[in-house]
Amino acid sequence: MKNGFLILSLAFVFLFDSGYGQTKVTLSGYLKDKKNGEMLIGATVYVKELNTGTTSNVYGFYSLSLPQGSYNLTFSYIGYTSRDESIDLQSNITLDVELESQSIEIEAVVITSKKRDENLTRSQTSMIKMDPKAIRSLPILMGESDILKSIQMMPGVQSVSEGSSGFSVRGGSADHNLLLLDEAPIFNAGHLMGFFSVFNSDAIKDATLYKGDIPASNGGRLSSLLDIRMKDGNKKEFKGEGGIGIIASRLTLEGPLKKDKGSFIVSARRTYADMFLALSPDTGIRNNKLYFFDLNTKLNYEINSKNRLFLSGYFGRDVYGFGNDFKMSWGNATVTARWNHLFSSKLFSNLTFIYSNYNYDLGFNKTKPKFDWTSSLNNFGLKYDFTYYHSTKSTLRYGVQSTVQDIQPGKFSVKGENSEYKVPNNKMLEYAAYFQHEQKFWDKLSVNYGLRLSMFQNIGKATVYRLENFKVVDTITYNKNKIFNTYIGLEPRFSASYMLNQSSSVKASYSRTRQYVQLASNSIGGSPLDVWFPASQYVKPQVSDQVGIGYFRNLSDNKYEFSVESFYKWMNNQIDFDDNADLVLNNQLEKELRFGKAHSYGLELLFKKNEGRFTGWVSYTFSRALRKFPDINDGKQYNANYDKPHNLTIALNYNITNRVILSANWVYTSGAPITYPTMRFPHGNANLPIYGDKNANRLPDYHRLDLAMTIKNRVRAGRRWQGEWNFSVYNAYNYANAYSVYFETDKKDKDKIRAYKMIMFRIVPSVTYNFKF
């Protein structure tokens, strides 16, 4: 398969190239950080004479095909000093360029070392790039900077509940988001019941969120793609950095395997509440366990100018235990192996092997009988991606992908007895082929169009239940490795950008996405014990169609950015659950499922200040997310759990001096939907509540102010150690936001029912010491 696709790929490139008569030569190479050799993602190469250019890909590679001649080039990247080069281009040339990073205090003033109109000219819409360096200066919960929490402060994105790492994008549920770490899927991104994410900012180089216009190279989720890339490691010298906080500490070490040829990085993080428990004189407390850890590792090596190898991994786990009576743990593990190969200066390829695992373990030793409950998900993937840089106005991307998944929904075993109950495994295959073409017309119009063909298959051994009115009427058994169900679908993607003038543009996009696996969860914030389950003969793939349009403008010589985007999204074959659905260890889960349609729409505004001592952004989103299911809420339309119409965020940073930075966030959202009782029914000595329409009520509106101050130690010449203190206050004015509302009969008057707010966080101060050496 690999060789056949490779031959077809090269033939296609030859035919595509031969259709253009003008002979051109190619300038290509890699853009790197001068200090550590890290490849720069999205760095700009600009040709002054032709008023054109390109950007580096996720591996730092760039390619420009130009007519023969002499040119003046500018290489630039945000936060780096731009570099000018003059070349006489008469034949193909390889030119690797190193850019020097600005110091942090200079970076706040000179932050425009990127293509100044990139946000206007690129055809990609609804995309957010997060800088891990900038995230560290924001106010943080319990001293841990978090990319997922920062993303929730951007327009079109909101938290599913306070403190949760789960997020909703444009009216989609949390499992509609595809989270990739070095191309490996992460199936549960939460630590400590979701209060922290699994992404350690010290190990991350780049994070990009696609809210609707997802590249054709990715699929499998309806709403968004969060593409997170780990650092490669320092190729110049050995370095370290870390932090000590009130709840966790972290340490990152990186250095060259061979100078300028290969490098490594190891980044670890661990909480230490259990270490303090060990100091307790109470043996019951001393034997308890409560911690999580992360370990990020990566190796890369340049074999020669045309071949590079990468090997990266992530291993993380949460562990809870109460003596010998109870244990609970869950975690992710990923491995990614990649081979970059240049067939020519214009054809870049990447072959990727991916392994991803999520599992949990729950055990009780005090109960009778004693038992263990486990579940796991294994994902194996192979991808072959190509990028063909035809010209400065035309770039073609295409590839094939194959994935094997094996989900073990749950296994229950009784200790000391030969007794076991196991929900049968779900095995499936998923294939995809795609192409995407980015084309520029004249100087004003850019178009990006593509098509993804996806196929999904269920594999035996399996037992399939035929249902009528949600009751089993027949059972069919399929033998091992028997393919018994197949879905095939096309997913077109299109976006365009038109420059109105030098400082403004309009953009439009359309995308279709399909989702073949989903999460069985009946809680708003999610749980580590939630189980993924696939499409089947009874469960059709979820399908989404989204259209968007936006206006983008830069002001005051690009010191300010303003954008307004609107979207409308239709979602079919949506899944919800029956009231009091049994989702745990249920081998007939389909009986609990209900199917319907959903739609969402909204308006997103963003205003950013990019330069000067005072920087930040203001974002506002108005959106609605509505669902309609024939078998839920008497067939009437109802608010989705994540329908929060108004969402306002203000994030500000002020550099008082080169060593002192003040930061503040203020967040306001409409209250989440909830179902309240409308009547009561006397039964014996109790009053049982009778609930009204689903999600017809709302929690009180949510708002919160966070503050932070960062104080850096003085930098002394010749001293490698650098340190800074970060002081943060979460919910600075101590507001009692409602996480949920519950109802109880009044203890003094049984004829009355009282409502109580469940509060997750009040004011939470924290302090962290960060260091580098």
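**Figure 1. Salt bridges across the whole structure.** A search of the whole structure finds 36 salt bridges, where a salt bridge is a side-chain nitrogen of Lys or Arg within 4 Å of a carboxyl oxygen of Asp or Glu. Side chains of opposite charge can pair when their charged atoms come close. What you see here is a predicted model, in which local features need pLDDT of at least 70 and side-chain atom pairs count only at pLDDT 80 or more, while totals for chains, interfaces and linings use all residues. Residues are numbered from 1 along each chain as its sequence is written, and side-chain values use heavy atoms, with hydrogens and water left out.

**Figure 2. The salt bridge of D182 and R338.** Look for the side chains of D182 and R338, which meet with N and O 3.1 Å apart. D182 sits in the loop between β13 (177-181) and β14 (184-185), and R338 in strand β24 (residues 326-342), so this pair ties together parts that are 156 residues apart in sequence. The strands named in these legends are DSSP runs (E, at least two residues), numbered from the N terminus. Are D182 and R338 buried or exposed? Both are buried, a word that stands for under 20% relative accessible area, with exposed meaning over 50% and partly exposed in between (1.4 Å probe, protein chains only).

**Figure 3. The salt bridge of R720 and E237.** In this view the closest N and O atoms of R720 and E237 are 3.8 Å apart. R720 belongs to the loop between β48 (702-712) and β49, and E237 to the loop between β18 (224-230) and β19 (239-244), so the pair ties together parts that are 483 residues apart in sequence. R720 is partly exposed, at 43% relative accessible area, and E237 is partly exposed too, at 31%.

Figure 4. R308 forms a salt bridge with E302, and their closest N and O atoms are 3.3 Å apart. Both of these residues are buried. Elsewhere, salt bridges that share partners join E38, D182, E183, K205, D227, R229, D232, K298, R338, K383 and D385 into one network.

**Figure 5. Aromatic pairs, starting with F343 and F386.** Rings of Phe, Tyr and Trp (its six-membered ring) pair if their centres lie within 6.5 Å; planes under 30 degrees apart count as stacked, over 60 as edge-to-face and the rest as tilted. By this rule the count comes to 39 aromatic pairs. How are the rings of F343 and F386 arranged? Their centres are 6.1 Å apart and their planes at 25°, so the pair is stacked. The pair links distant parts of the chain, with F343 in the loop between β24 and β25 (347-364) and F386 in strand β26 (residues 371-391), 43 residues apart. F343 is partly exposed, at 28% relative accessibility, whereas F386 is buried, at 1%.

**Figure 6. F614 and Y654, a tilted pair.** These two rings form a tilted aromatic pair, 6.5 Å centre to centre with 55° between the planes. F614 in strand β40 and Y654 in strand β42 are 40 residues apart, and their pair links distant parts of the chain. F614 is partly exposed at 38% relative accessible area, and Y654 is partly exposed at 38%.

Figure 7. Most residues other than glycine have a negative phi, and most peptide bonds are trans. Here, the peptide bond from G460 to K461 is cis, with omega near 20°, and K461 is found in the loop between β30 (445-459) and β31 (462-468). N481 has a positive phi, near 65°, and lies in the loop between β32 (471-478) and β33 (483-501). N481 is exposed, with a relative accessible area of 55%. Phi is positive at D634 as well, near 55°; D634 is in the loop between β40 and β41 (638-639) and is exposed, at 72% relative accessibility.

Definitions and conventions
Helix = DSSP H or I, 4+ residues; strand = E, 2+ residues; numbered from the N terminus.
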